[in-house]
Amino acid sequence: MTATTDLTVLSAEAPSLVQSVDWLAIAPVVITAAVGLVVLVADLFLAERHKPALGWISVAGLAAATATLLPLRAGDRATFCLTGDPEACSYVADHFTLVIQFLVLAGALVTALVSVTAVRDTRMPAGEYWFLLLSSAAGAALLPASRDLATLIVALEVASLPAFALVGMRRGDRLSSEAALKFFLSSVTATAVSLMGVSFVYAATGSLYLTQVADRLEDVPGQLDTLAMAGVALTLVGFAFKTAAVPFHFWVPDTYVGAPLPIAGYLSVIGKAVGFTGLILVTVIAFPAYSDIWGPTLAVLAALTMTLGNAAALRQSPDRPNSAVRLLAWSSVGQAGYLLVPIAAAAYSGPDQIGSTVAYALMYAAVNLGAFAVAALVARTKPLHRISDYRGLYAERPLAALSLGFFLLCLAGLPPGIIGLFAKVTVFRSAVDAGLGWLAVVMAINVVIALYYYLRWTALLFRTPEGAQTRTRAPWPVAAAIVVTAITAVVLSGAPELILRVTSGSLFAQ
């Protein structure tokens with residue numbers, strides 16, 4: 001009797017090792033992944049003529065996942081926490097997480113709308129395509145909530161591995177296969193380097209949780225300091241690759257050209273969001289003790305990235321095949337340089353600077369996805385993807401031309417694209433506030449350089465067309481994607497404070 005009583009008392013006093021699960025907090029990721037599995041299984045049983053339904057199931061699933069962010073808007077949830085340390089959690093749904101998850105899921109939804117027609121017209125295998133897209137979106141949605149290095153790397157790979165297959169989805173296309181192989185080999189190498197860095201950080205700190213890593217890096221024993229610094233540097237390499245920062249940018253142009261256009265747009269926005277999210281989490285939350293190392297490094301990378309990206313975009317010949325996609329690809333490299341600026345600034349003036357990167361990413365996501373949607377529409381009749389193919393687009397498709405012109409002006413930061421101007425001013429201010437005056441000057445020079453190729457393309461839209469115009473009816477899913485992104489950009493240009501309000505202050509759970 002006494003022994004039984006003692007065991008009861010001991011079991012009551014012992015801490016529970018079972019972690020509770022907040023299902024609402026993880027709902028956006030779970031729904032996206034579950035719909036992907038449903039699509040994969042349904043593909044086995046549906047007749048070929050019913051396969052288009054898989055696309056609409058995917059669209060509905062992404063819409064549902066996006067809607068589940070509404071009950072989480074307080075940004076005060078966490079789950080999979082250590083029972084002995086409630087502050088150390090693997091999944092945190094704070095304001096940073098919710099904003100990035102909205103960007104990822106809404107961006108994937110626009111990509112899905114553009115893909116509905118592309119999958120049917122190019123005869124890509126529907127089941128595989130939609131499963132891979134949803135799987136990648138689920139990994140991308142998981143990444144901003146990840147607060148330990150293991151979950152962070154797993155989420156990064158879940159977002160990336162399906163993307164390799166999506167790039168090579170056009171079977172029999174040499175460019176597509178070459179792009180997928182180039183993307184895969186370079187990405188796997190970067191991931192291997194990051195994993196080595198994570199193992200070094202774990203060896204130096206004894207923890208994978210970002211908050212615990214941050215605390216323990218403040219007081220690393222002298223004999224482990226070199227190991228810790230090497231781990232920090234190597235961990236950043238993989239995320240720098242995903243952001244397309246120089247010198248890890250070389251895969252971007254060929255990958256975008258070889259990928260189906262909806263996937264090129266997806267990589268330019270969601271793929272970039274994945275890299276920047278991971279970079280923000282490891283620098284600002286896990287490695288603030290080494291801000292004197294990663295701050296100057298990221299500042300130099302930002303300057304190199306925006307300069308090389310804009311210089312290469314400037315060189316694109318309008319009559320060269322795939323020049324439109326290559327210009328958007330190099331432009332995305334230049335935009336990555338701007339996005340790096342506030343992260344570098346956070347090393348000097350605190351993590352609140354991260355809001356500038358998030359604000360810029362939201363603007364960039366809306367207008368860049370819209371630009372790729374218009375490109376997908378034009379490619380239906382002009383498959384060479386040349387910039388010159390857009391000459392006189394206003395005479396053929398006035399709404400598409402106006403939308404593309406507005407998107408390009410937003411990317412350039414010119415009125416009436418006010419949201420692009422506000423986003424650039426916000427990033428510029430973050431550099432000045434951090435004392436990085438030289439970086440602000442480099443950014444200003446690059447903004448002026450970018451004006452030339454954005455305005456050249458915009459002017460081409462309204463010139464007199466050459467030859468007869470081929471008029472075809474725009475598929476309504478593609479038209480819907482263009483309309484949604486155009487309305488979003490117009491509304492944000494009229495009320496840029498909507499984004500600035502969301503991204504102001506601290507985005508991370510305190």
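**The whole chain.** Begin with the entire protein chain, bearing in mind that the model is predicted. The chain has 20 helices and two strands. Its radius of gyration is 23 Å, close to the 24 Å given by the globule rule for 510 residues, so the chain is as compact as a globular protein of that length. Along the principal axes, the C-alpha atoms fill a box of roughly 95 × 60 × 40 Å. If the residues are coloured by burial, 57% of the 510 count as buried.

**The largest pocket.** Next, select Val 99, Phe 102, Leu 103, Ala 106 and Leu 362, the lining residues that lie nearest the centre of the largest pocket. In total, 27 residues line this pocket, and its volume is about 850 Å³. Helices H3 (52–67), H4 (95–122), H14 (354–378), H19 (476–494) and H20 (497–503) each give two or more residues to the lining. By residue class, the lining divides into 21 nonpolar, five polar and one charged.

**Helix H4.** H4 has 28 residues and reaches 39 Å from its first C-alpha to its last, close to the expected 40 Å. Centre the view on Ser 115 to find a kink of about 35° in H4.

**The end of the helix.** Finally, select Arg 123, which follows H4 and has a positive phi, near 55°.

Definitions and conventions. Residues numbered from 1 in each chain as written. Predicted model: local features only at pLDDT ≥ 70, side-chain atom pairs only at ≥ 80, totals over all residues. Heavy atoms only, no water. 1 Å grid on protein atoms, 1.4 Å probe; cavity = no way out; pocket = protein on both sides within 12 Å on 5 of 7 lines; lining within 4 Å. Points joined across faces, edges and corners; volume = space filled by probe spheres on them. Helix = DSSP H or I, 4+ residues; strand = E, 2+ residues; numbered from the N terminus. Nonpolar A, V, L, I, M, F, W, Y, C, P; charged D, E, K, R; others polar. Expected span 1.5 Å × (residues − 1). Bend = angle between axes of the 7 residues up to and from the residue. Rg over C-alpha atoms; globule rule 2.2 N^0.38 Å. Buried < 20%, exposed > 50% of the residue type's maximum accessible area, 1.4 Å probe, protein only.
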